[in-house]
Amino acid sequence: MEKVGNHNSISRKLFLSLGLTLIFSLTSFAQDAAAPAAPEAAPVATQGGDPVKGKELFNANCAACHKLDGKSTGPELRGVSEKHDKAWLYKWIHNSSDLIKSGDPVAVKLFADHNKAVMTSFPQLSTGDIDNIIAYTSEPKATAPAPTATAAVPGTGGESGAISNNIILGALALVMGMLVVMLYLVNNVLRKVAKANGIDVTPKEPRVSLWKAFARNQFLVLVASIFLLLASGYFVYAYLMQVGVDQNYEPIQPIHYSHKIHAGDNEINCKYCHSASRVSKTAGIPSLNVCMNCHKNISEVAETTATPEYSKAFYDEQIQKLYNAVGWDKTTQTYTGKTQPVKWVRIHNLPDFVYFNHSQHVTVAGIECQTCHGPVQEYEIMKQYSKLTMGWCIDCHRKTDVKMEGNEYYTKIHEELSKKYGVEKLTAAQMGGLECGKCHY
Amino acid sequence: MKGIYKITLLVGITILVSSCHNISAPNYQYFPNMYESLAYEPYAEASVFKGGKEAQLPANGTINRGFEPYEYENSTAGYELAKANLKSPLDSLDRNSEKGKELFEIYCMSCHGATGNGKGKLVEREKFLGVPSYKDREITEGSIFHVETYGLNAMGSHANQLSTHERWLVADYVLKLKSQL
């Protein structure tokens, strides 16, 4: 057996486990203190407009390009009524191009400052509507809400369990250690007392040891050795059978990408990012421009996305890693051109002597991704769900009926094979899914 | 007595080794020379290439087999031109296809909603805002195709996820949704 690069060695594992046991009770918990966001100075008070209606209008019409805080395609809009007067804003919103053409110096400068991106005209918005939107944009920024504060407090949620468990275990270990020491001391004292009293504590006659008695009984030895052989055979077999099987392999990726947030909570289709699985042999690692389709707009996660385990700051850092990799400058909303590749760690890796085609299974057979990859939409960290062994493939080929509907390719062969096997539905195995050459060539 | 010590030691080691199986490292392989490809694998590290990675951009000016150049440029003027002039090459068999619906539900539904009303899951959860309803926008098949290809404002390009033909199928389905709104 040969060891391949990057694989773990037994000795290293041993040392690691030993070290872990030693430092077990010393585990300390670091916590990052999240500084509460400083409340921003309240912009001007609302001037006759309904901020609630304004929010609706803002989300429907403006939010595609503008955010309240921070630049997007267009400039940030919080406190916009301070920068420009209302009459000018009406004109700009109703038709910005006309305003620029008319040579209005403010409009021309604004246009030039924002990459000459043309703002859509909104003639359908009445001055009342615009007043509502301005009222919404004039609202002061909400101060850091309570959830953030509690999230930063140590010992809430899942972490508290871990801490108390460690404390309990440490205390138990301490008690055990004290017991051992006490027993030893008591034993010593008793011996001394016995000696002082003149009692001989050394054993009188050497008894036949248990081990020798066992060795003399040949029947017991025979039974024991058969049992030992069988047991060791069982363990050796189990060990050998898992060689080369990477089930539950869960490497640490360079960017902490949560399938749970994307595919689970936000219900984004697997094939949105892994689009190659529809049409090609490999499912493909999504290129980063696919990430940027959404993350150009989403530069930070919502407060509600953060969990006790992973804070908002942690997730925001991951998005920043993506920006660094693609060279996206968040403040100017442009690509800098300085990119760096992301070294994703491959999880599912079939041996070179097996042929597997994703499109054949995903598009032709219509198999759900979850059948082989497990409930990925629940995985915070991606891992290998299936064994990906040959037995596992064959098992599925034996059980799964081939999807014939709407596939003319199969019509004729289906009829003939159905006649041959005398069955109504054909499994993948009956279609030749067990032939060696189908996957090994 | 020594035997018992040895057995305990062995059992202890086995338990230690098995309990601390490191899930973030791959397992042992048997005869790895048949497992690992001799040829460079996609995305693999390879010192002979620029930047140490196998994946390289094709030479400048390379085009795909069956590639058709798209003449409208990525600008407001290009958008207006595509909107006015660009016509779908789909024949009657490809119109109203199931495939267009399937692709729409993979690539568009998250934001634009299943009916095209601009209320997809991401909009509902306030991750993406300002997605218009198809009803409120003047769109033609040419303009839809143009936006799918280049993206517009907050929407990114979907040209690397959808082939030219697939983009036309989706454009066709979007118009069907618009007519139903």
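1. Read along its sequence, chain B follows the pattern α-α-α-α-α-α-α, with 7 helices and 0 strands. Helices (H or I, at least four residues) and strands (E, at least two) are DSSP runs, numbered from the N terminus. The model is predicted: local features need pLDDT of at least 70, side-chain atom pairs count only at pLDDT 80 or more, and totals for chains, interfaces and linings use all residues. Residues are numbered from 1 along each chain as its sequence is written, while chains are lettered from A and ligands numbered from 1 in the order in which they are written.

2. Of the 181 residues of chain B, 28% count as buried. A residue is buried if 20 or more other C-beta atoms lie within 10 Å of its own, exposed if 12 or fewer, and partly exposed in between, with C-beta atoms placed from the backbone. Among contacts in chain B between residues at least 6 apart in sequence, 54% join residues at least 24 apart; two residues are in contact if their C-beta atoms, placed from the backbone, lie within 7 Å.

3. Within chain B, the axes of helix α3 (residues 98-107) and helix α7 (residues 164-180) come within 8 Å and cross at roughly 90°. Axes are lines fitted to C-alpha atoms, for helices over the stretch in contact, and angles run from 0 to 180 degrees between N-to-C directions. α3(B) and α7(B) are therefore roughly perpendicular to each other (under 35 degrees counts as roughly parallel, over 145 as roughly antiparallel, 65 to 115 as roughly perpendicular and the rest as oblique). From α3(B), B:K99, B:G100, B:K101, B:L103, B:F104 and B:Y107 meet B:E166, B:L169, B:V170, B:D172 and B:Y173 in α7(B). The residues of this contact divide into 6 nonpolar, 1 polar and 4 charged. Ala, Val, Leu, Ile, Met, Phe, Trp, Tyr, Cys and Pro count as nonpolar, Asp, Glu, Lys and Arg as charged, and the others, Gly among them, as polar.

4. The contact between the chains takes 39 residues from chain B and 53 residues from chain A. On the side of chain B that touches chain A, the elements giving two or more residues are α1 (2-19), α3 and α5 (121-124) of chain B. By class, that side has 21 nonpolar, 13 polar and 5 charged residues.

5. Chain A comes to 22 helices and 2 strands. Of its 441 residues, 14% count as buried. Residues 24 or more positions apart account for 68% of the contacts in chain A with a separation of 6 or more.

6. In chain A, the axes of helix α2 (residues 51-62) and helix α7 (residues 127-137) come within 7 Å and cross at roughly 100°. That makes α2(A) roughly perpendicular to α7(A). The residues of this contact divide into 7 nonpolar, 2 polar and 3 charged.

7. The unreviewed UniProt entry annotates residues 167-186 and 219-240 of chain A as "transmembrane region"; such annotations may be inferred rather than shown by experiment. Over residues 167-186 of chain A the chain is 100% helix, with the end C-alpha atoms 28 Å apart. Over residues 219-240 of chain A it is also 100% helix, and the end C-alpha atoms are 31 Å apart.

8. A:F356 lies in the loop between β2 (334-335) and α17 (358-364) of chain A. A:F356 is partly exposed, with 14 other C-beta atoms within 10 Å. The C-alpha atoms of A:F356 and A:C439 are separated by 6.8 Å, although these residues are 83 residues apart along the chain.
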